[in-house]
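The sequence and the model come first.

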Amino acid sequence: MSDVMTYLPGFAAAYSILLVAASSPGPAVAMLLGIATTQSRSPALVASAGIAFGSVVINLLTLLGVGLILSQVAWAMTLIRLIGAAYLAWLAYGAFRKAFNAPPVRIGEVAEQRPSRLFIAGFLLQVTNPKAIVFWLAIAAIGATAGGGAGIVALFVLGAFLISFGCHGAWAVFLSASPMRRAYARARRWIEAGLGCFFAFAAFKLATSRS
């Protein structure tokens, strides 16, 4: 217990950064908006778990030093950035297709996707985002687990997963509420078009980013 207490200040500093980042709207929240309003709360929570698991994978890689290596190898970061941009562009295409080619949808008409597909979608969105790698490198710089054994690392990773899932899960619950779903049904085309513009802009910024 005394060992854990020693690491608590570092954990608190790292988790405070994670809490702010995971709570902020971005591509993940935009994805959850589309899932929560067209399907239901459970599918959105499954996607949230995929996002959180993606964060854990990046967290482990940075702790192992792989993230640091990627940050120093220009071609590797460029490749990851382009993969992330391509995935965001694909999401933009899907949103635009729903906005312009699909008839209006009433609540309950959209079939839920398989949990595995939703989980993978959330996971891929997170692990193909180079900004997430940079973010975890910033957390790694705090050294929250420096000198700790496997138990300390496991405890830190577990906490990071719970925070990420908690924040994104809260978005999933909020966006899947009945008033939000009814509002989506009334303004579906505009919302999907807005999501398409957001994903397209994010893909462009990611593809052209020099950082």
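## Asn59 in helix α3

Asn59 has its place in helix α3, where helices are DSSP runs of H or I with at least four residues, strands are runs of E with at least two, and both are numbered from the N terminus. The model is a predicted one, in which local features need pLDDT of at least 70, side-chain atom pairs count only at pLDDT 80 or more, and totals for chains, interfaces and linings use all residues. Residue numbers start from 1 along each chain as its sequence is written, and side-chain values use heavy atoms, with hydrogens and water left out.

Is Asn59 buried or exposed? Asn59 has a relative accessible area of 1%, so it is buried (buried is under 20% relative accessible area, exposed is over 50%, and partly exposed is in between, with a 1.4 Å probe and protein chains only). Leaving aside residues up to four places away in sequence, Asn59 touches Trp136, Phe156, Val157 and Ala160; a contact means heavy atoms within 4.5 Å. The C-alpha atom of Asn59 is also 8.2 Å from that of Ile133, a residue 74 positions away along the chain.

## Packing of α3

Two packed helices are described by the angle between their axes and the distance between the axes. The axes are lines fitted to C-alpha atoms, for helices over the stretch in contact, and the angles run from 0 to 180 degrees between N-to-C directions. Helix α3 packs against helix α8 (residues 150-175) at about 150 degrees, with the two axes 8 Å apart. This angle makes α3 roughly antiparallel to α8, since angles under 35 degrees count as roughly parallel, over 145 as roughly antiparallel, 65 to 115 as roughly perpendicular and the rest as oblique.

On the α3 side the contact includes Pro43, Val46, Ala47, Phe53 and Ile58, and on the α6 side it includes Pro115, Leu118, Phe119 and Phe123. Gly50 and Gly54 of α3 and Gly122 of α6 are also among the contact residues. The handedness of the α3 and α6 crossing is right-handed.

## Helix α2 against α6

Helix α6 has a further partner in helix α2 (residues 27-38), with axes that come within 10 Å and cross at roughly 160 degrees. α2 is therefore roughly antiparallel to α6. The residues in contact are Pro27, Ala28, Met31 and Ile35 of α2 with Leu118, Ala121, Gly122 and Leu125 of α6. This crossing, too, is right-handed.

Ile142 lies in helix α7 (residues 130-142). With a relative accessible area of 33%, Ile142 is partly exposed. Beyond residues up to four places away in sequence, Ile142 touches Gly10, Ala13, Ala14 and Ile17.

Trp190 belongs to helix α10 (residues 188-208). Its relative accessible area is 73%, so Trp190 is exposed. Between the C-alpha atoms of Trp190 and Ala99 there are 6.9 Å, with 91 residues separating the pair along the chain.

## The chain as a whole

The chain has 10 helices and 0 strands. Of its 211 residues, 44% are buried. Among contacts between residues at least 6 apart in sequence, 89% join residues at least 24 apart. The accessible surface comes to about 10,900 Å², and carbon and sulfur atoms account for 72% of it; areas come from the Shrake-Rupley method with a 1.4 Å probe, and for residues only the protein chains shown count as cover.

The structure holds 0 disulfides, a disulfide being a pair of cysteine sulfur atoms within 2.5 Å. Cys167 has 11% relative accessibility and so counts as buried, whereas Cys197, at 47%, is partly exposed.

Conventions. A crossing is left-handed if the near helix is turned anticlockwise from the far one by less than a right angle, and right-handed if clockwise.
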